[in-house]
Amino acid sequence: ILMTNLHDEDSEDILLAAKLLSKHHLVMVVSLQEHLLTTLDEMDIADTDNALLYAGMHLFSENRKKMLGKLKAQGIIVVDATYKNMHIKLLHEYLQLKRSGRI
């Protein structure tokens, strides 16, 4: 299990590490979501500063989704979670892996 907070500058390193590890191991990447991403849809864009913040957060969010998609395309198990629901998502993924016979 590789726990991280995905950022653009780390994407190639994470992809490479997951690919190398997956040759001999069942790899799961757990990405901790930034709290601000959970409030993106509720943001009040009342001024230029908030509009710029929203645009930057939206770009960051889209890049994260692409990165997680690339990991999934490599066959890597991906869990995307906030600190509040990480334990639930990890347990859910573990139970799915058990049911599927992968572990």
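Is strand 2 mostly covered or mostly uncovered, and how many of its 5 residues are buried? Strand 2 is mostly covered, with 4 of its 5 residues buried, where buried means under 20% relative accessible area, exposed means over 50%, and partly exposed lies in between, for a 1.4 Å probe and protein chains only.

## Basis of the model

This is a predicted model, in which local features need pLDDT of at least 70 and side-chain atom pairs count only at pLDDT 80 or more, while totals for chains, interfaces and linings use all residues. Residues are numbered from 1 along each chain as its sequence is written, and side-chain values use heavy atoms, with hydrogens and water left out.

## The chain as a whole

The chain holds 4 helices and 3 strands, and its pattern along the sequence reads β-α-β-α-α-β-α; helices (H or I, at least four residues) and strands (E, at least two) are DSSP runs numbered from the N terminus. Its C-alpha trace spans about 50 × 30 × 15 Å along the principal axes, and 28% of the 103 residues count as buried.

Contact here means heavy atoms within 4.5 Å. Among contacts between residues at least 6 apart in sequence, 69% join residues at least 24 apart.

The 3 strands form an open sheet in the order 1-2-3, with parallel pairing, and two strands are said to pair if DSSP finds at least two bridges between them. Strand 1 (2-4) and strand 3 (77-81) stand at the edges with a single partner strand each, so one side of each is left without a neighbour in the sheet. Neighbouring strands are turned by 15 degrees against each other on average, direction ignored.

Strand 1 and strand 2 pair in the parallel sense over 3 bridges, and Thr4 stands opposite Ser31 in strand 2. Strand 2 (residues 28-32) and strand 3 pair, also in the parallel sense, over 5 bridges, and Val29 stands opposite Val78 in strand 3. Helix 3 packs on the sheet, where it touches strand 2 and strand 3, and its direction makes about 155 degrees with that of strand 3; axes are lines fitted to C-alpha atoms, for helices over the stretch in contact, and angles run from 0 to 180 degrees between N-to-C directions.

## Helix 1 against helix 3

The axes of helix 1 and helix 3 come within 10 Å and cross at roughly 15 degrees. That makes helix 1 roughly parallel to helix 3, given that angles under 35 degrees count as roughly parallel, over 145 as roughly antiparallel, 65 to 115 as roughly perpendicular and the rest as oblique. The contact is made by Ser11, Glu12, Ile14, Leu15 and Ala18 of helix 1 and by Met67, Lys70 and Leu71 of helix 3.

## Nonpolar cores

A nonpolar core is a set of buried Ala, Val, Leu, Ile, Met, Phe, Trp, Tyr and Cys residues joined through side-chain atoms within 4.5 Å. The largest has 11 residues, among them Leu6, Ile14, Leu15, Ala18 and Met67, and the elements that give two or more residues to this core are helix 1 (11-21) and helix 3. A second, separate core of 7 residues includes Val30, Ile77, Met86 and Leu97.

## Two individual residues

Ser61 lies in helix 3 (residues 48-73) and is buried, with a relative accessible area of 12%. Leaving aside neighbours within four places in sequence, Ser61 is in contact with Leu37 and Leu40.

Asp10 is found in the loop between strand 1 and helix 1 and counts as partly exposed at 27% relative accessibility. Asp10 and Met67 are 57 residues apart in sequence and 9.8 Å apart in space, C-alpha to C-alpha.
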